[in-house]
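Work through the exercises below with the sequence and the structure at hand. Each task is followed by a solution in steps.

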Amino acid sequence: MAIAFRGSVAAGANNGNNVSLALSTISGITTGDRVVIVSGAGPNRAGNEGRIGNALGFTEIIDQSVSNVIRARAAHKSYNSATDGTCTVEGSGNTADGTAAVAFAFSGVDSTTPIDVTSTTATGSGVGQPNPPSITPTSANCAILAAGVSSLIDATKGTLANYTQPTPFSANGNDTNDADVAISYRLLSGGAGSPEDPPAYASWGTGSWVAATIALRPQAGTTHNGSMLASASGTMATTATKFKAANTLFSASGAMASVAAKTSARSTTFAATATMAT
């Protein structure tokens with residue numbers, strides 16, 4: 001099964017407040033879709049700032065900070081429409097801190113091993129722009145997420161060649177300690193064993209930043225289909241055997257019925273002949 005992009009939501013907050021992401025508003029999202037969220041919180045206070053969906057059981061992918069200026073996190077979860085309609089990303093509680101988060105949802109991601117390989121990260125302290133590092137997927141047809149988190153808010157982050165930036169793809173928390181987050185994605189065709197190196201967010205102004213590259217593995221449809229075919233073949237073979245056995249029984253019953261009918265007819269003839277003789 002090929003991976004497909006469902007949609008995205010993004011939000012930011014200031015004054016150290018939490019960010020609320022309304023996942024249920026993503027068009028077409030359904031139970032079993034894979035949600036990936038990237039958050040940024042400034043600065044790193046060695047607390048829960050930027051923690052993603054703790055009450056919902058999200059699995060953390062990265063937790064990286066730079067010079068006690070900005071902290072970036074990423075986490076993922078299989079979406080459940082009954083419980084995951086809203087996800088909370090925690091703020092620091094300090095009135096000087098901004099918090100921001102972006103959520104992307106995909107269908108067709110492997111339910112057993114959704115993260116294909118260990119995600120890669122890069123950092124910069126007051127120099128350059130967020131530059132998601134190279135990653136080498138082990139599976140073909142992965143979805144690659146190129147994320148950037150910065151202490152500098154910039155509305156013109158720049159496009160990434162071959163990558164898609166949906167609406168929305170970024171959010172910020174504007175405060176004394178700013179946080180700005182962006183994600184772009186690419187659906188690979190093949191690519192197993194080949195390095196994938198996303199471009200940098202070249203237009204993003206200079207700040208302290210964390211960048212991450214995440215590979216989502218597609219659902220193993222061939223194995224699943226093979227199991228279905230094997231099951232179907234086995235069922236058909238069993239049915240054929242039973243049908244053959246039933247045919248044999250029917251044939252035997254028919255032969256016995258034929259013999260019985262002939263015997264009955266002969267007995268009737270014999271009885272009539274004996275009566276006439278008397």
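**Exercise 1: An aromatic cluster**

Phe5 is partly exposed, its relative accessible area being 22%. The model is a predicted one.

Task: Classify the ring pairs that Phe5 makes with Phe106 and with Tyr185, and say which parts of the chain they link.

Solution. 

Step 1. The structure holds 7 aromatic pairs. In the pair of Phe5 and Phe106, the ring centres are 5.4 Å apart and the planes stand at 70°, so this pair is edge-to-face.

Step 2. Phe5 belongs to strand β1 (residues 4–13) and Phe106 to strand β7, so the pair ties together parts 101 residues apart in sequence. Phe106 is buried, with a relative accessible area of 0%.

Step 3. The pair of Phe5 and Tyr185 is stacked, with 4.6 Å from centre to centre and 20° between the planes. Tyr185 lies in strand β11 and Phe5 in strand β1, so parts 180 residues apart in sequence are tied together. Tyr185 is buried, at a relative accessible area of 10%.

Step 4. Phe5, Phe104, Phe106 and Tyr185 form one aromatic cluster.

**Exercise 2: The nonpolar core**

Task: Which residues of the largest nonpolar core touch the most other members, and which strand gives the most to this core?

Solution. 

Step 1. The largest nonpolar core has 40 residues, and Phe106 and Leu216 touch the most other members.

Step 2. At least two residues of this core come from each of β3, β4, β5, β7 (99–107), β9 (143–150), β11 (179–187) and β12 (209–216). The strand that gives the most is β9, with 6 residues.

Step 3. Leaving out residues up to four places away in sequence, Leu216 touches a set of residues including Ile3, Val36, Phe106, Cys142 and Leu145.

Step 4. Apart from this core lies another one, of 19 residues, with Leu23, Ile26, Ile37 and Ala105 among them.

**Exercise 3: A salt-bridge network**

Solution. 

Step 1. The structure holds 11 salt bridges. Glu49 sits in the loop between β3 (34–41) and β4 (59–66), and Arg71 in strand β5 (residues 70–78), so the pair ties together parts 22 residues apart in sequence.

Step 2. Asp63 lies in strand β4 and Arg73 in strand β5, so the pair ties together parts 10 residues apart in sequence.

Step 3. Salt bridges with shared partners join Glu49, Glu60, Asp63, Arg71 and Arg73 into one network.

**Exercise 4: Cysteines**

Task: How many disulfides does the structure hold, and are Cys87 and Cys142 buried or exposed?

Solution. 

Step 1. The structure holds 0 disulfides.

Step 2. Cys87 counts as buried, at 0% relative accessibility. Cys142 is buried, with a relative accessible area of 0%.

How values were computed:
Residues are numbered from 1 along each chain as its sequence is written. This is a predicted model: local features need pLDDT of at least 70, side-chain atom pairs count only at pLDDT 80 or more; totals for chains, interfaces and linings use all residues. Side-chain values use heavy atoms; hydrogens and water are left out. A salt bridge is a side-chain nitrogen of Lys or Arg within 4 Å of a carboxyl oxygen of Asp or Glu. Helices (H or I, at least four residues) and strands (E, at least two) are DSSP runs, numbered from the N terminus. A disulfide is a pair of cysteine sulfur atoms within 2.5 Å. Buried means under 20% relative accessible area, exposed over 50%, partly exposed in between (1.4 Å probe, protein chains only). A nonpolar core is a set of buried Ala, Val, Leu, Ile, Met, Phe, Trp, Tyr and Cys residues joined through side-chain atoms within 4.5 Å. Contact means heavy atoms within 4.5 Å. Rings of Phe, Tyr and Trp (its six-membered ring) pair if their centres lie within 6.5 Å; planes under 30 degrees apart count as stacked, over 60 as edge-to-face and the rest as tilted.
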